[in-house]
Amino acid sequence: MTTRRIDDCLSARDGRLYIEACDTLDLLAEFGSPLFVFSEDQLRRNVRRFQKSFQAGWPDGPVVVMPAAKANWLAAIQRVLATEGCGCDIYSAGELTMALNAGVPPELISVNGVPKDDDHIRRSIAAGCRITIDSLEEVEVIERAAAELGVTAAVRLRLKPVLSRFIEHSDFVTEGLVPTDLAAIAYKGGLTFEQVMAVGPRLLQLPHVRLVGFHQHHGRHRRSLRYWEAQMAAYAAEIGRVCTALGGYRPQEIDIGGGFAIRRDPFNAATDYTEPVQYAALTAISRLLSLLGSRPRYTVMARLVDAIAGHPNRHPAPAIEAYAETCTATLRRELPRHGVDTRGLTLQLEPGRSLHGDVGIHLTTVKAIKRTTTPIRWNVIVVDTTEFWFTGGRYEHHLHHYLFANKTEAPMTGKADIIGRSCYGDRLLPAVPVPDVAVGDVLALLDTGAYQEVSMSNFNALPRPASVLVTGDRASLIRRRETEEDVFRRDVMPAHLAR
Ligand SMILES: Cc1ncc(COP(=O)(O)O)c(C=O)c1O
């Protein structure tokens, strides 16, 4: 058997894609197509890399990895993380239920988000979770709920440090070249210094609330280490400023949030910031060519479109270890400069995409092939999945790495659009290199472990696919395929319309 290693848990064996020791084609035969597949080993490896590298850079106190549940809240995945000693960043009442069911210790759960429903706050306090305050309105709700429950609620303030000198454009905003510092200010999360000061002094007086530290999360604006250095420096300065303004307050914990990129980083790879220039050029060229008649115009335009679509933005992200080193070194340097003692300070982080991304792949089968020769050459490969099962990725303008699971070593001989099954354009991969493809071939989209399965919708009344967890040579169903009955379960027919 010839084996080519693709990464930790993916390999090509005799031309077939394996995840851990499972043949992906066998998985499809057993569980049906399309299918989300997750690797337990990859998840454990990733989380241990975060734990080890952050702890190595932070000898001052404990490090707690609190993965963002929103990125992947499949119960089995969360259970694996709980067995690795992780906490959890949650955003909703549903995520709270999931985390508690998975066995995450409540004191390691950070309740994030704005707005938080009153019931959710109350349940979280009753369970013993930490509330990360992200609006002035929630302070009184927390105090009241804690008083009624007869407990003291542990809270953190979510800060919003300004990255005043970081003007490289944000990947997070895809509408244009918006500087990162402005994009971060416009993002809804976090409290400005003035907002913190409006509640901070009162917070320290409230009888049923204990301020245990600070939180920040900016989001995935840039993948560079320079960005992380700037973020941590700004965070340290803001913590120092708030501590001083609160009369020398000393935090027990600081949470740096998430936002670090996936290694192969599909994020915003589909956005082309030269678009306005291309548009102007294409319009001018197109007008000029129409003077020569439609045939030459189609020939030249098809080549141009092909050339443009063939150059997606693709750079790998730094390694987890480099990210950990940058964050911890910057915090250890900058916090004392701003009067904050790091000794005994707990450091928390909430990786989402960078932890889960390469844990998952999506397998989908080729159902139809359309080859157009006139007026332009254009190939379309239609697969049995849809962009509506990658809503998170579409929202973030992802462009995923891919390979054909039954033809891993086949040379790329042509180009095609890979199109999903919904009635929308559903252009999953635009004008990408492909081997000689036939109906029945299996496409594997890589790095679909974060934000994809959890954001699927039922557009076109399509039942959503199943999810499987691979552990060595064993594959276990962790979320079953939907049935049509599931799709229509919430519909109610008013009596006057019932036949
Ligand atoms: C508070 C908080 N923490 C962590 C994350 C995870 O971010 P990422 O998946 O970019 O690492 C998010 C994502 O939105 C978040 O809102």
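**View 1. Residue R303 in its helix.** R303 lies in helix α11, which spans residues 294-309; helices here are DSSP runs of H or I with at least four residues, strands are runs of E with at least two, and both are numbered from the N terminus. R303 is exposed because 12 other C-beta atoms lie within 10 Å, where exposed means 12 or fewer such atoms, buried means 20 or more, and partly exposed lies in between, with C-beta atoms placed from the backbone. The C-alpha atoms of R303 and R377 are separated by 9.3 Å, although the two residues are 74 residues apart along the chain. The model is predicted, so that local features need pLDDT of at least 70 and side-chain atom pairs count only at pLDDT 80 or more, while totals for chains, interfaces and linings use all residues. Residues are numbered from 1 along each chain as its sequence is written.

**View 2. The buried side of helix α5.** Within helix α5, residues 118-127, the residues H120, I121, S124 and I125 are buried. These residues lie on the same side of α5 because they cover an arc of only 130° around the axis, the arc being that of the directions from the helix axis to the C-beta atoms. Among the elements that cover the buried residues of α5 are α4 (93-102), β9 (130-133) and α6 (138-149), contact meaning that the C-beta atoms of two residues, placed from the backbone, lie within 7 Å. Just after α5, G128 takes a positive phi of about 95°.
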